[in-house]
Every structure is written in C-alpha cells, then in structure tokens.
Amino acid sequence: MTEERVEEQRAVEERAQEEGGRKALSTDRLGNKSVLKLLLEFSIPAIIMMTFNALYNIVDSIFLGQAVGPDGIAVTTLAFPIMILLMGLSALAGQGGNALAAIQLGEDRIDAVERTLGNTVLLLLVISGIIAVAGIILIDPILVLVGTTPELFDMTKMFVQILMIGFVFQCIGMGANNFLRTEGKPMLALFTSMLGTVVCIIMNFVLVMWLGFGVAGSAFATLIGQGVGGIPVIYYLMRGKGAPFHLKLACMKPDFRLWGSILSLGVASFIMQVANAVINSILNQTLAYYGALDPIGAGGALAAIGVAGRINGFAFMPAFGVLMGAQTLIGYNYGARKWKRVLSAYWLGTMFTTAILTLFFVLIHVIPTPIVQLFGVEGDLQQFCIFALQVMTAMFPFVGFQMMSSNYFQSTGQPLKASLLSLTRQVLFLIPLLILLPMYLPTMLEVTSLQAICFTYPIADVLSILTTSAFIIPELVKLNRRAREARAKSAPEAPALA
C-alpha cells in the first residue's frame, strides 16, 4: 500500500471515529440517558454559573454602596434597563442559535449545526459593533429614555458608555457560551463563566475600593472580566478535541435565511429582556416622580428599589440556570421525537425552578434585615427596602411554572407563543399596573404611592400564570397523546389466540 493510500485510509478512520463520537453524544447520551441525571448534569453548572453572574451584580452594588454611597447604587439602578437590553441582545443570537443547534443535533445534522454556530458568532459581532456606535452617538437620548435624573446624569453616562463601547466582550462571551452545553461540556461553560465573574469581582475591588475609580472603575472591571471569561469559550469552540462540532471560518459566511431562523428562536428571550428594559425605564421615572414626594426622596427611592431589584434578580438566576439546562434536553428530544423525555424534562425543570424560588421566598421573608444591610442602607430607607423586597417576591413559589412553560415553547421552536408569554407579565400587565396602582391603590389601602408601586409585581405574576396555563395545558395534552401513540407503536404485538 502506498504512503498516500495509508494517509487516506487513516483520514477515513479518523473521520469515522469522529462521527462515532458525535453519534454517541447525540444518541446514547442526550436521547437515552436518565432525564433526571442529564438535567442535573446540565443544570447544576448553569445554576452555579448564573448564581456567580448574579453574585457579581450584588458585589458590584455592595462595593459602590460602600465606596460611593447611595448615588453609586442609584447609578446602577438607572443603568439597569440598558444592561438588561445588552444581555437580551446576547441572548437574541446566542440562545436562538443554541436552540436551533440543539434541534439540529437531535436530527444528527452536524454540518447544519456548524453553520448555525458560525452564523451565530457573526451575528454577535455585528450586534456588538452596532451597540458600540450607539454608545458614542446616541448615549444622551438613551439616558433620557431610561429616566436618568440631572444630578446623576454625568456619572450614569460614564458608566453606561464604557459598557456599550466594550459590549463585544459580553456579547461574544455570553452568547457563545450557550453552545458549550450543547457540545456536552456544561462544566466548561461553568468554568468560563466563573472565571469571568471572579476576575470581575477582583478587578472591582481593585478599581473601586482600592484605587477609588468609582462607577468608571466598576464598568471597566466588568469588561475585563467578560473578556477573560470569553477567551476559553472561543478557543474550545474552534480547537476543542473531541468536540461534536466546531467554529469554522468557512461556516461564518453570512446566510440571511439562517439568521432569520436564529433570531426567530432567540426573539422570545430578547423580547423578555427588552420588556424588562422598558419596565425598568418606566419604573425609574415612576420612582423619581413619587420618590420626590416621599420623605426618602427620588435618589433614596431609586437606591432602595435598586437593592430590592438586585436581590430579586439574584434569586431568579439559579432558576434561569435550570431553564438553560432544560432547553438543550427539551430541544434535542423534541427534534428526536421522544415525547416522553420531553415531558419528563419539562416537569422536572418546573419542579426544580419552583423549589429554588420557594427557598428564596422563605429567606427573604424570614431574614430580610441582614440581607439588605449588606448594601449599607439604613433607617427609613432600609425599612422601605425590606417592604419592597417582600412584596415584590410574594408570588415566587408559583413563578417557576410560568418560566418553564415559556422556556418550553422557545426550546421546541415555537417562538411566537414563547414571545407572547414573555410579554404578558413584562408588558401587558406590568406597564398598566405601574401607571395605575400608584394613583388608585392608596385610595383603597393604607399605603403610599411609592409603596403601591411594589404591588405591581405580584399582581402581574398572578395574571401571567393564568395566561400561561391557557397555553401550556393544551400543549401538555398533545405531548401526552403523542407519547401514548409512540409507546403503542413500539409495544410488541400481542400473540394471537389459539
């Protein structure tokens, strides 16, 4: 056999081994292994990752509260709608591309998965470039839209502009990280996220607490951490040994039809974040107005709700980790038409998200004072902060069902339903409630207009849960029917009577 023939045969064998590894990943693992074990394997790293990300926001606020005072927390509260929107843009391409890739992997279409990955990364680069330009040209009107007060305008502008210009680090790091779980590497996804968060916290201490750079130091610390965490993500996607698919330059050729599919699947997450940004902008303006009429003042109202919002967000992050772990399992098995496994992943995910949020509900209502004291709030400001936190989280034990149901529709390629369910709480219910409750609730209950704002959240949760039930119950009935039909087809035929 000639040397060329030997090399050709070796290449064929290597390709066969690689395809065998891919097949083992897609069939023997995601399609056959215990759903509970897979959900734990994929969700626990994501839970830790999301908790670490939320922990950074908490530590960031604590550092700013200690080093800058209530104004530092107020700046992050004003910037929060923009930060949410940036996170949503990462999810628009990142989670959309990953949802599509999971379905394609379930169909064993590796080439399609690699095209999806390449075009997702390209989309993330395009989005980050647009945001950087907007951060230079449109920063002032953006800050006006989110309700920035005149006395905090310059500090907020400095903070937000740094984040927008350097958005490429967050966009690539967070967006591409989604694919590591579909690669079968949830622990690597965890490591890269934790690495970035740890660097963020260290740099925040150095730049804010030690060197005294204030809000600018906090923004730069965020970018440095995101950049460090994103490096191993891109390296593995490009060069990872044994990976079922890779990031290839040839697969980054723009495919606008594919872009449409990616964006359509990611639009539910994006709409939810956009709605969050809109809600927080309206909330900021409402707090500034009614806070100015209250003894704690506009800055105090923004700071107190900012603290409550940080704690609230921290509680949601582990639940989002469960959603991220369940998304791959639901999407893969839906693509493989394994309906019973889809149902198992959905119900287990609902159970875990409910347990997590119930645990935080108990902590917030049993030991609220030590929690809010970490942020340096005192006196009347502390009392209002505790009141706001406990009222805003009143429906926590029931929200997990709504979250997992919306996630189900996104995971199974039904973006319109997922988007609508995301919009119910954030737009259709919360916005009218934010406008109406501060005006009318004080006439019915012994609460101030500022306190009435807090009641918008549990009321919106109740309405959203009822709406979600109307969508998910028929879907679950259909899945159960498909599972019974599949089981009947696979059952051995009964022996004929003699």
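Predicted model: local features only at pLDDT ≥ 70, side-chain atom pairs only at ≥ 80, totals over all residues.
Select Y346 first: at 1% relative accessibility, this residue counts as buried.

Display both rings together. The centres of Y346 and Y408 lie 6.1 Å apart and the planes meet at 80°, so the pair is edge-to-face. This pair connects distant parts of the chain, with Y346 in helix α12 and Y408 in helix α15 (residues 396-411), 62 residues apart.

F256 is exposed, at 60% relative accessibility, whereas W259 is buried, with a relative accessible area of 15%. In total, the model contains eleven aromatic pairs. F256 and W259 form one that is edge-to-face, at 5.0 Å centre to centre with 75° between the planes.

R310 lies over the face of F80, 4.9 Å from the ring centre. The charged end of R482 is placed over the ring of W339, at 4.7 Å from its centre.

Finally, select helix α14 (residues 379-392). Its 14 residues reach 20 Å from the first C-alpha to the last, close to the 20 Å expected at 1.5 Å a residue. Buried residues in α14 include L381, F384, I386, L389 and M392. Among the elements covering the buried residues of α14 are α11 (297-335), α12 (339-366) and α18 (456-490).

Notes. Residues numbered from 1 in each chain as written. Heavy atoms only, no water. Helix = DSSP H or I, 4+ residues; strand = E, 2+ residues; numbered from the N terminus. Expected span 1.5 Å × (residues − 1). Buried < 20%, exposed > 50% of the residue type's maximum accessible area, 1.4 Å probe, protein only. Contact = heavy atoms within 4.5 Å. Phe/Tyr/Trp six-rings, centres within 6.5 Å; stacked < 30°, edge-to-face > 60°. Lys NZ or Arg CZ within 6 Å of the ring centre and 35° of its normal.
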